[in-house]
Amino acid sequence: MPRPPETRELSDSSAEAPRPASDWTRTLAAYRQPIQSRSVFELAVTLVPLVALWAAAWWAMSVSPLLAILLALVNAGFLVRAFMVQHDCGHGSLFRDRRVGDWVGRGLGVLTLTPYDVWRKTHAIHHATTGNLDQRGIGDMPTLTVREYAEKGPLGRAAYRLLRHPVFLFGVVPFYMFFLQNRLPVHLMRSGWRYWLSAMGTNAAIALLVGAILWLGGWQVLLCVFLPTTMLAATIGMWFFYVQHQFEDTSWHRGEDWNVQEAALYGSSHYALPAPLRWISGNIGAHHVHHLASRIPFYRLDEVIRDHQVLAGTKRITLWQSFRCARLHLWDEEGRKLLSFAEARALSA
């Protein structure tokens with residue numbers, strides 16, 4: 001039998017009454033309308049500093065390669081924000097005309113090394129299946145249950161431990177995803193030619209960009225300006241994606257027990273960041289709100305939190321608390337929480 005909708009209290013300090021997760025979808029529909037002038041402004045204040053810092057780092061090469069690298073690393077924040085703008089274009093939440101959003105997203109995809117149409121497809125799958133133990137594998141973070149891990153042989157357990165190690169997860173995996181995996185959409189082999197066209201078109205544009213950098217600036221500019229910005233942005237993006245769903249009391253269910261609204265509200269974190277980091281990340285820390293209503297523009301997510309204090313306390317994780325999430329690896333189906341390998345070993349003993 002499917003379980004009834006959850007109405008557990010979301011914040012002890014809130015005056016709002018607890019309600020089923022499905023009710024929030026209707027409430028949040030009021031925030032879906034984009035403000036065209038605001039969308040254009042947010043795009044401008046992202047791209048102008050991004051290009052300006054790239055140019056400054058390029059110029060700094062004539063003074064000191066170290067200064068150029070430092071400027072490039074600072075610029076990673078603006079590249080992260082460009083990805084968040086691309087993310088909103090993929091949800092159709094930034095511009096009233098979907099075609100405008102799609103072409104803006106495709107252009108940004110060249111800068112973020114992410115073929116727009118391919119990413120939009122896999123991200124839609126992520127939204128439709130998040131927290132569903134029976135539909136893992138596309139657009140999510142590989143996660144095993146305690147039982148599944150115990151049933152693997154020594155080689156399988158070692159491979160999973162390597163995959164979930166923070167150095168590998170936030171060092172090797174971002175490079176693999178953005179520099180290699182995004183070049184060929186083999187996971188969408190049967191989904192149609194448009195995804196291959198998206199990937200190949202983005203690859204061609206990236207090749208032109210890299211060629212122009214090499215022609216005008218040489219290998220030093222590529223290695224000291226382009227690569228540090230892109231690699232750090234990829235690592236930051238991987239961390240955000242991780243902590244948005246990989247926290248101790250997240251929500252995973254199987255079969256009829258799974259519900260898309262409950263998975264959105266209880267399986268997505270409210271990553272409560274300082275204001276500068278909220279701006280850089282496009283308010284994506286309000287991830288539970290985003291999953292409940294993905295058509296809300298990123299610049300209105302703070303408005304939702306201000307208007308509904310009950311959501312401010314839902315699955316709230318501070319910056320300091322989030323670092324503990326890096327040591328959580330296995331889902332305990334009985335205890336309903338993520339465990340570290342050590343905790344799972346103690347549980348089995």
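Author: Start with one term: a residue is buried when its relative accessible area is under 20%. Keep in mind that this is a predicted model.

Reader: OK. Which residues of α2 are buried?

Author: In helix α2 they are S39, E42, L43, T46, L50, L53, W54, A57 and A60.

Reader: And what do they pack against?

Author: Four helices: α3 (65-91), α4 (98-111), α10 (219-243) and α12 (275-280).

Reader: How far apart are the end C-alpha atoms of α2?

Author: They are 36 Å apart. Helix α2 covers residues 36-60, which is 25 residues.

Reader: Where does UniProt put the "transmembrane region" feature?

Author: An unreviewed UniProt entry places it at residues 40-60, 66-84, 162-181, 193-214 and 221-242. Over residues 40-60 the chain is 100% helix. Over residues 162-181 it is 90% helix, with end C-alpha atoms 19 Å apart.

Reader: What about the domain annotation? Which residues does it cover?

Author: The unreviewed UniProt entry gives "Fatty acid desaturase" for residues 67-316. That stretch is 66% helix and 2% strand.

Reader: New topic: how many aromatic pairs are there?

Author: A search of the whole structure finds 14. One of them is F83 with F178, an edge-to-face pair. The centres are 6.3 Å apart and the planes make 75 degrees.

Reader: What does that pair tie together?

Author: F83 lies in helix α3 and F178 in helix α8 (residues 166-180), so the pair ties together parts 95 residues apart in sequence.

Reader: Are F83 and F178 buried or exposed?

Author: Both F83 and F178 are buried.

Reader: Why is the pair of F170 and Y242 edge-to-face?

Author: Because the planes of F170 and Y242 are at 85 degrees, and the ring centres are 5.4 Å apart. Planes over 60 degrees apart count as edge-to-face. This pair links helix α8 with helix α10, 72 residues apart.

Reader: Buried or exposed, those two?

Author: F170 is buried, at 14% relative accessible area. Y242 is buried too, at 1%.

Reader: Which aromatic cluster is F170 in?

Author: One made of F170, W239, Y242, W320 and F323.

Reader: Last one: in what order do the strands of the sheet come?

Author: The order is β1-β4-β5, in an open sheet with mixed pairing. Strands β1 (144-145) and β5 (337-339) are the edges. Strand β4 (residues 330-332) runs antiparallel to β5, joined by three bridges. W331 has L338 in β5 as its bridge partner. Helix α17 (residues 341-348) packs on the sheet and touches β4 and β5.

Key:
Residues are numbered from 1 along each chain as its sequence is written. This is a predicted model: local features need pLDDT of at least 70, side-chain atom pairs count only at pLDDT 80 or more; totals for chains, interfaces and linings use all residues. Side-chain values use heavy atoms; hydrogens and water are left out. UniProt positions are given in the numbering used here, feature names are shortened, and annotations may be inferred rather than shown by experiment. Two strands pair if DSSP finds at least two bridges between them. Contact means heavy atoms within 4.5 Å. Axes are lines fitted to C-alpha atoms, for helices over the stretch in contact, and angles run from 0 to 180 degrees between N-to-C directions. The expected span of a helix is 1.5 Å times one less than its number of residues. Buried means under 20% relative accessible area, exposed over 50%, partly exposed in between (1.4 Å probe, protein chains only). Rings of Phe, Tyr and Trp (its six-membered ring) pair if their centres lie within 6.5 Å; planes under 30 degrees apart count as stacked, over 60 as edge-to-face and the rest as tilted.
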